[in-house]
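Here is a short note for a colleague opening this model for the first time. Please keep the structure in view while reading the points.

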Amino acid sequence: MTATASISPASTMQEVLEAFPGAQRALFRRYHIGGCSSCAFQPGETLEQLCARNGNLDVTEVLDHIKTSHEQDTKILISPHELAGLLKTDSSVRLVDVRSREEFEAVHLEDSLLLSQDVMRQIMADGSNTRPLIVIDHQGKQALDAAAYFMGHGLQNVRCLRGGLDAWAQEIDPKLPRYKLG
C-alpha cells in the first residue's frame, strides 16, 4: 500500500502533508483553510476534525480535492535529467531559485537567479508568458508554491525541479555540494 493510498479521514494533517506536500495549498485555494492563523490547523488534528470545524465539509470531497491537486502538481514537475536536456537545447530557459540567500550563496545552479522582488518584477514584465521558467528549491517541497503564484499570474510554461537542488546533485552533478537543513 502506498503512503497516498493509506490517507483517510482519520489521518493527521501531518500525515496528509507528508503524503501530499501541496495539500495545504489545495485546502487554502478551495476552502480557505490553512493559509493564515485564523484558519490554521495543527499537525495532530485529523482531516475529519478539520472538516468538522470548517462547516462540516464533506471529508471524502476534501480528500478527493487534495488527491486531484496532487496529481496536477506532479504534472508540472521536471526531472533533473529532463532539465539537463532542456538546458542543452533551449537557451531561453529561466532558472529561479526560491531558497534563502544563504543557501543560494553556498550552492546554486549556474545561471539561476535568486527570487527577489526585482527578479519577480523582471519575470512578470518580460512580456512572454510562455518562456520556460523552472523553479528550484532545496528538495522540491516549496517550489510548487512559487510555481502556483507564477501560473496564477498567467505564466504558462512553469515547471518545478523534482527533488530540488538535492536531486540535481545526486542525479546530474555529484560535485555540487549537498546539505541538510535544521
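The points below go through the sheet, its helices and a few single residues.

1. **Ground rules.** This is a predicted model, where local features need pLDDT of at least 70, side-chain atom pairs count only at pLDDT 80 or more, and totals for chains, interfaces and linings use all residues. Residues are numbered from 1 along each chain as its sequence is written, and side-chain values use heavy atoms, with hydrogens and water left out. Helices (H or I, at least four residues) and strands (E, at least two) are DSSP runs, numbered from the N terminus.

2. **The sheet.** Start here. Five strands make an open sheet, with parallel pairing, in the order β1-β5-β4-β2-β3. The edges are β1 (77-78) and β3 (112-114); each has a single partner strand, so one side of each lacks a neighbour in the sheet. Two strands count as paired if DSSP finds at least two bridges between them. Strands of a sheet pair through backbone hydrogen bonds, either parallel or antiparallel.

3. **Pairing, strand by strand.** Walk across the sheet. β1 and β5 pair in the parallel sense over two bridges. There, leucine 77 has cysteine 160 of β5 as its bridge partner. Next, three bridges join β4 (residues 133-136) to β5, again running parallel. Valine 135 stands opposite cysteine 160, and leucine 133 stands opposite valine 158. β2 and β4 pair in parallel over four bridges. Here arginine 94 is the bridge partner of leucine 133. Finally, β2 and β3 run parallel and are joined by three bridges, with leucine 95 opposite serine 112.

4. **Strand β2.** Are its faces covered or open? Both faces of β2 (residues 94-97) are covered.

5. **Valine 158.** This residue lies in strand β5 (residues 158-161). Its relative accessibility is 4%, so valine 158 counts as buried. What does valine 158 contact, leaving aside its neighbours within four places in sequence? The list is Ile76, Leu133, Val135, Ala147, Phe150 and Met151, where contact means heavy atoms within 4.5 Å.

6. **Helix α8 on the sheet.** Helix α8 (residues 143-152) packs on the sheet and touches β1, β4 and β5. Its direction makes about 175° with that of β5. Axes are lines fitted to C-alpha atoms, for helices over the stretch in contact, and angles run from 0 to 180 degrees between N-to-C directions. Valine 158 and alanine 143 are 15 residues apart in sequence and 11 Å apart in space, C-alpha to C-alpha.

7. **Helices α2 and α4.** α2 (residues 23-31) and α4 (residues 59-75) pack at about 120°, with axes 9 Å apart. That makes α2 oblique to α4 (under 35 degrees is roughly parallel, over 145 roughly antiparallel, 65 to 115 roughly perpendicular, the rest oblique). Among the α2 residues in the contact are Ala23, Leu27 and Tyr31; those of α4 include Val62, His65 and Ile66. By class, this contact has six nonpolar, three polar and five charged residues. Ala, Val, Leu, Ile, Met, Phe, Trp, Tyr, Cys and Pro count as nonpolar, Asp, Glu, Lys and Arg as charged, and the others, Gly among them, as polar.

8. **What covers α2.** The buried residues of α2 are Ala23, Arg25, Ala26, Leu27 and Tyr31. Their cover includes α1 (13-19), α3, α4 and α8.

9. **Positive phi.** Please check these residues. Most residues other than glycine have a negative phi, and most peptide bonds are trans. Histidine 32, which follows α2, has a positive phi near 55°. Asparagine 56 has a positive phi of about 55°; its place is the loop between α3 (47-52) and α4. At 61% relative accessibility, asparagine 56 is exposed. Aspartate 111 has a positive phi near 70°, in the loop between α6 (101-106) and β3. Aspartate 111 is exposed, at 66%.

10. **Serine 116.** Serine 116 is in the loop between β3 and α7 (117-125). Its relative accessible area is 26%, so serine 116 is partly exposed.

Key:
Buried < 20%, exposed > 50% of the residue type's maximum accessible area, 1.4 Å probe, protein only.
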